[in-house]
Each structure stands twice: as C-alpha cells, then as structure tokens.
Amino acid sequence: MQLTIDGRVVEASPGQTVLDAARGAGIYIPALCYHPKTGKAGRCRACVVEIEGQRGLKESCALPAREGMIIHTRTPKVDQTRRMVVDLLLSEGHHNCISCQSNGICELQEMAYFLGIERPAFLIESEPRLPDSSSAGVVRDFDKCIHCGRCVLACQDVVVNQVLAFAYRGGHAQVVCDDDLPMGDSTCVQCGECVQVCPVGALVFKQPKVRKIRSSETVATKVTCPYCGVGCQIDLHTQDNKYAFAIAHEDEWERQPNKGMLCLKGRFGLDFVDAPDRLRSPLIRKNGELVEASWDEALDLVAERFKSVKASHGADALGFFASAKVTNEENYALGRFARAVIGTNNIDHCARL
C-alpha cells in the first residue's frame, strides 16, 4: 500500500503501523514507549501525528497504516504536543546528561535536541533518590525513569521472567522488582533485556572500570556469540581496541536466531577477550617446552603430524571433536575435513562428552 508522509509517497506492508512505515522510509518520528520487540504501546504520545480527514492527533506507533493516508509529522500542533511531553518528562526527573552513561544514545535527549529544547519550561523540585546498585550487572536510576513501560513489557512478554511491574499510583508510581525488592534480592536473572530496551539512562549496565564508558564513545562490531551453537548475534563494543560491553544486535532482529536477546553469558561473559593470561599466539613444544610460534609454523606442524599418523597407522587412527562454541558452518567444515580429506568417520561433538 502507499501513503503520503510529509509530502513523500511511502510504501507500507499490511500489518505495519504508521510509525513502522515512516521509519522504514527514514522519516524520524520520536517514540519513547515503543520498541519493535515490545510492540504497540501508545502511552507517551511522543509519536503523535496529524492525519488528514481525522480529528485530533493519533499515536503513530499504534495506528495501522492504510492505503491513501496523508500524514503530517511536523505541524505546529504536533510539535506543541511533543514539547509538552518532553517538558513534563524533564521536569520530574534528574536528567543530568553530562554525567549520564546513556549520553549520546538517549532517546529523550535526541527528542529534546530535535525539538530545540535546551531546558525544560518548568521544574518540579524533588530530592534525588539513590540508585539501586544491588544487582551484579544492572544499575537502576529511579530519577531518570520516564515510566515508558518498555522494560516491563520486555520482562513480562519478551523474555517472560515476570520480575518487573508498575506499582503505586500518581506521583509515587514506579517500576519495581517483585514486591518492590532491590533488584539484587529479587528473582531477576540478570538477562539485561530491560537495559537493552530502556530509552534513557534509567537502566544501565554496571561497569567495574574506574572510568565509565558511554556507548557513544565505543565502536560496535557485529560478532557471533562464542558460548553455544545457537549463533546469537552480538554488537561487541570496544574502546581503544579494548572490550567495553556487549548488547544484542537488533537490526532485522526478527531474522536473528536470538531475536535480539542474549543470555547471561552472552551479555556479561565476554570480558575474557582482554584477560591478561589469555593465549595470544599458538604454542608448540620444542625440547620439552611450549614456546610461541606463528600460525603458519603451527599449522604446518599439525599437517605434518596428521600425514605421519595416517601413513603409519591409517586414517582411523585419527579422531576429531567438534564444538558447540563455534558456528554450524565451522562444524560442517570440520566434518568435511575429517571425512573427505583424512578419510575417517571418527568425529564427535563436545555436547555428547
């Protein structure tokens, strides 16, 4: 189907929302409570648009795209509503961007910059609350929470851990763990999905380093998680070629084997890449001692030993073990090598050992 957004003809597929169609065409519409994995929300009203022929403003994240729609995303009425949303969110929290770990990737900050808001129109005086640092991997900053509900939906419906929920009413409303327990004392399994979907700095990963690292200061490289054979796709963030943290790769998340999620190991267990005692080069034994060697030297030695064993004792004197920590393609290559090159069916997998 075709619809017109800000004078541009945009293609949309059945089942898509106006927000989906706009973002697919590269048109920016802010949306604080919406995330592709958590689905339609319609709470924050940051994504409102005007539709010709319809009264009032409509939440684009919950509005199905229809053939022939004519949509306006930057009218005075739309901008006024969005400004009020940002003003209210900034007024009731302590959004100190300079010291925030999410500075540079914060969606509220991006929206304020887009609307030209340098400071909120009014402030509500309140005492800052201490962050919850009780868990091993996540820090909760209650003052930065904008009550968008993304973390609740991710916990309840995406990973189905059912730890996070809204509690209390009015100005006392907040996201709680279980029966309002500290996260470290709750049933939270530290999967980190809540941090992944949080649009602001209310949920961040705990960083053991002396100097905090912002996402905007890192370089992200898409890699395959080394911990099992699922093939989860990870954005590995590095700074100065050193590991900083890891998040799930979310581009085209529907096609990823992990659907944009990670387990505890994939989320927090990759700091071994910079371990000081990690082997950095192959070791071969010379005169009874292991010494460093080049890859060419090590591979030539292995090939020579394979040939020697096969010539002396036959192909079935050799055996091969595949690994769950590499990709299916690499395991397939090992199987082909064992059967087609060496000539043996002696191949097994570490999951059976």
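User: Is F320 buried or exposed in this structure?

Analyst: This is a predicted model, in which local features need pLDDT of at least 70 and side-chain atom pairs count only at pLDDT 80 or more, while totals for chains, interfaces and linings use all residues. Residues are numbered from 1 along each chain as its sequence is written, and side-chain values use heavy atoms, with hydrogens and water left out. Buried means under 20% relative accessible area, exposed over 50% and partly exposed in between, with a 1.4 Å probe and protein chains only. F320 has a relative accessible area of 8%, so this residue is buried.

User: How many aromatic pairs does a search of the whole structure find, and of which kind is the pair of F306 and F320?

Analyst: Rings of Phe, Tyr and Trp (its six-membered ring) pair if their centres lie within 6.5 Å, and planes under 30 degrees apart count as stacked, over 60 as edge-to-face and the rest as tilted. The whole structure holds 6 aromatic pairs. For F306 and F320 the ring centres are 5.8 Å apart and the planes stand at 75°, so the pair is edge-to-face.

User: Which parts of the chain does the pair of F306 and F320 tie together?

Analyst: Helices (H or I, at least four residues) and strands (E, at least two) are DSSP runs, numbered from the N terminus. Because F306 lies in helix α7 (residues 295-313) and F320 in strand β15 (residues 320-322), the pair ties together parts 14 residues apart in sequence, namely α7 and β15.

User: What is the angle between the planes of F306 and F337, and which residues form one cluster with them?

Analyst: F306 and F337 form a tilted aromatic pair, 6.2 Å centre to centre, with 40° between the planes. This pair links helix α7 with helix α8 (residues 328-342), at positions 31 residues apart. F337 is partly exposed at 29% relative accessibility, and F306 is partly exposed at 25%. The angle is 40°, and the one aromatic cluster consists of F306, F337 and F320.

User: Which backbone nitrogen does the side chain of D143 reach?

Analyst: D143 sits in the loop between β6 (138-140) and α4 (150-158), and with 9% relative accessibility this residue counts as buried. Leaving aside residues up to four places away in sequence, D143 touches G93, H94, H95, P128 and R129, where contact means heavy atoms within 4.5 Å. At 2.8 Å, the side chain of D143 reaches the backbone nitrogen of R129.

Key:
A polar contact is a pair of N or O atoms within 3.5 Å; within protein, one must be able to donate a hydrogen and the other to accept it, and residues adjacent in sequence count only if both atoms are side-chain atoms.
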